[in-house]
Amino acid sequence: MFIARVTGTVVSTQKVASMTGHKLLIVEPYRLEPDQRKSLTTTGRTFIACDTLGAGEGDYVLIVQGSSARLTPETKHLPIDCVIIGIVDSVHIEKQNVYKRDE
């Protein structure tokens with residue numbers, strides 16, 4: 001499981017029938033900034049994730065990849081490799097708030 005930030009959307013009008021109606025988002029995984037450990041920083045990678053929760057651009061989300069992406073009831077029959085399984089409200093590291101959705 002990873003924390004990622006939604007950075008965009010993908011629109012595909014031609015796709016396999018099982019993917020019709022599923023929202024696709026571009027997500028960029030984040031990690032704890034290693035020096036001061038007071039903020040999240042990008043890993044420099046991007047993925048396309050299936051969204052079943054209604055996340056939007058700028059949201060931090062929880063993603064899973066690989067076979068785990070097909071373990072939710074909504075995605076068990078989809079040909080996907082990455083799915084959003086949560087929208088992050090806050091992140092605390094060593095008693096310090098490094099992200100809060102409302103701010």
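Me: How many bridges join strand β1 to β2, and which way do the two run?
Reply: In this predicted model, strand β1, covering residues 2-10, is joined to β2 by 7 bridges, and the two strands run antiparallel. One place to look is I3, whose bridge partner in β2 is Y30.

Me: Which other strands is β2 joined to?
Reply: Strand β2 is also joined to strand β4, residues 47-51, by 5 bridges in an antiparallel arrangement, and there V27 stands opposite F47. A further 3 bridges join β2 to strand β3, residues 40-42, which again run antiparallel, with R31 standing opposite T41 in β3.

Me: Is β2 mostly covered or mostly open, then?
Reply: Strand β2, which spans residues 23-32, is mostly covered, since 7 of its 10 residues are buried.

Me: Stepping back a bit, what are the helix and strand counts for the protein?
Reply: The protein has 0 helices and 8 strands, and reading along the sequence gives the pattern β-β-β-β-β-β-β-β. Its C-alpha atoms fill a box of roughly 45 × 25 × 25 Å, taken along the principal axes.

Me: And how much of the protein is buried?
Reply: Of the 103 residues in the protein, 35% are buried. As for how the chain meets itself, when contacts between residues at least 6 apart in sequence are considered, 52% join residues at least 24 apart.

Me: Which residues make up the largest nonpolar core?
Reply: The largest nonpolar core has 11 residues in all, namely A4, V6, L25, V27, F47, A49, A55, V61, I63, C82 and I84. Two or more residues of this core come from each of β1, β2, β4, β5 (60-65) and β6 (82-87).

Me: Pick I63 from that list; what is it in contact with?
Reply: If neighbours within four places in sequence are left aside, I63 is in contact with M1, F2, A4, V27, C82, V83 and I84. Among these partners, A4, V27, C82 and I84 are also listed in the largest nonpolar core.

Me: New topic: how many aromatic pairs does the structure hold?
Reply: The structure holds 2 aromatic pairs. In one of them, the rings of Y30 and Y60 have their centres 5.2 Å apart and their planes at 80°, so this pair is edge-to-face. Because Y30 lies in strand β2 and Y60 in strand β5, the pair ties together parts that are 30 residues apart in sequence. Both Y30 and Y60 are buried.

Me: What about the pair formed by Y60 and Y99?
Reply: The rings of Y60 and Y99 have their centres 4.5 Å apart and their planes at 55°, so that pair is tilted. It links distant parts of the chain, with Y60 in strand β5 and Y99 in strand β8, residues 96-100, the two being 39 residues apart. Y99 is buried, as is Y60, and Y30, Y60 and Y99 form one aromatic cluster.

Me: Last one: where is T75 found, and is it buried or exposed?
Reply: T75 is found in the loop between β5 and β6, and it counts as buried because its relative accessible area is 0%.

Me: What lies 2.6 Å from a polar atom of the T75 side chain?
Reply: That is the backbone oxygen of A69, 2.6 Å from a polar atom of the side chain of T75.

Methods: Residues are numbered from 1 along each chain as its sequence is written. This is a predicted model: local features need pLDDT of at least 70, side-chain atom pairs count only at pLDDT 80 or more; totals for chains, interfaces and linings use all residues. Side-chain values use heavy atoms; hydrogens and water are left out. Buried means under 20% relative accessible area, exposed over 50%, partly exposed in between (1.4 Å probe, protein chains only). Helices (H or I, at least four residues) and strands (E, at least two) are DSSP runs, numbered from the N terminus. Two strands pair if DSSP finds at least two bridges between them. A nonpolar core is a set of buried Ala, Val, Leu, Ile, Met, Phe, Trp, Tyr and Cys residues joined through side-chain atoms within 4.5 Å. Contact means heavy atoms within 4.5 Å. Rings of Phe, Tyr and Trp (its six-membered ring) pair if their centres lie within 6.5 Å; planes under 30 degrees apart count as stacked, over 60 as edge-to-face and the rest as tilted. A polar contact is a pair of N or O atoms within 3.5 Å; within protein, one must be able to donate a hydrogen and the other to accept it, and residues adjacent in sequence count only if both atoms are side-chain atoms.
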